[in-house]
Amino acid sequence: AMNSHSPFIISNLQTEILYGNRTICGKEWGLNGIEVYNDPFSRLYWVESGSGEINFLSGERYELIPGRLFVIPEHNPARYRTNEKMILYWIHFKARIFGILELFSATGWQRNVEINRNSRMKYFWNQLLRLQNPGNISDLLKADAMLRQLLANFATEFSGGLEHNQLSMLERLKPAIEFIERNLHRNIKLKDLTELVPLQEAYFCNLFSRTIGISPIEFINRKKVEKAQFLLLQTDSRLKEIAFNIGIKDVYYFSRLFKKLTGISPSCYRLQKEHREIEQQ
């Protein structure tokens, strides 16, 4: 059952498809369970045939088998492997309430569900993958609607999640959060944020931590590292340039911060590209 916040969540939900494809995965996928992947985007998986597994560092485990739909929320470190040749339909996407709170972490929705219409599902996925045309707004709108249709499968069990006062506090913090997003290339000071909201520093930090779950400084660092992760995956820029792009002048400090938040060094993260779905298109 949905609760009274549902309309509010839906109207403030931002979704975005980053990539998607149908990939034939062999032993090289996920480096056969050796690598740990920890990414700033969520994944949606549907297995056409074969099987695989995902072992989360949290102890949870998914058995990737046909007939189910799987979501892996962002920042969820895990090892990936196939048991045999696996044909996988996948999407890397973002789904965030207010563009901030990851949908599945914030709402307590299920993360893997049974899907009983395999033949239609394959047709649906192929349609969705065909619509990935960044130049065409009509295609993008259709693709976004289809992503939301897939996500709706997980919302049958809705276990509360967001409190109403958390939503109003988010609204109040929005100017500060938007400022952070726009200024990741700068050295952001707390004073920049407290002036926007207007609140005293101690009260602002307390409110921010209660609402978002981490302090403003941790949030800024996480956003900077997220941006760096995308730059490492999507560009060939040198580490020094990437650090500069997120307002960090010292490349050693950048590497330490990156490793602290992701568990892996920036150069290793970039190397992981070869064993993900993306590269096997």
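Mentor: Let's start with Phe154, which has a relative accessible area of 0%. One caution: this is a predicted model, where local features need pLDDT of at least 70 and side-chain atom pairs count only at pLDDT 80 or more, while totals for chains, interfaces and linings use all residues. Residues are numbered from 1 along each chain as its sequence is written, and side-chain values use heavy atoms, with hydrogens and water left out.

Trainee: Why is Phe154 called buried?
Mentor: Buried means under 20% relative accessible area, with exposed over 50% and partly exposed in between (1.4 Å probe, protein chains only). Phe154 sits at 0%, so it is buried. Phe104, at 1%, is buried too.

Trainee: What makes the pair of Phe104 and Phe154 edge-to-face?
Mentor: Rings of Phe, Tyr and Trp (its six-membered ring) pair if their centres lie within 6.5 Å; planes under 30 degrees apart are stacked, over 60 edge-to-face, and the rest tilted. Here the centres are 5.5 Å apart and the planes are at 85°, so the pair is edge-to-face.

Trainee: Which parts of the chain does that pair link?
Mentor: Distant ones: Phe104 is in helix 2 (residues 103-107), and Phe154 is in the loop between helix 4 (137-152) and helix 5 (164-182), 50 residues apart. Helices here are DSSP runs (H or I, at least four residues), as strands are (E, at least two), numbered from the N terminus.

Trainee: How many aromatic pairs does a search of the whole structure find?
Mentor: It finds 15. Among them, Phe56 and Tyr62 are edge-to-face, at 4.9 Å centre to centre with 75° between the planes. Phe56 and Tyr62 are both buried.

Trainee: How do you know that helix 8 is roughly perpendicular to helix 10?
Mentor: The axes of helix 8 (residues 216-234) and helix 10 (residues 251-262) come within 10 Å and cross at roughly 100°. Axes are lines fitted to C-alpha atoms, for helices over the stretch in contact, with angles from 0 to 180 degrees between N-to-C directions. Under 35 degrees is roughly parallel, over 145 roughly antiparallel, 65 to 115 roughly perpendicular and the rest oblique. That makes helix 8 roughly perpendicular to helix 10.

Trainee: Which residues of helix 8 make the contact?
Mentor: Asn221, Arg222, Val225, Ala228, Gln229 and Leu232, facing residues of helix 10 including Tyr253 and Phe254. Contact means heavy atoms within 4.5 Å.
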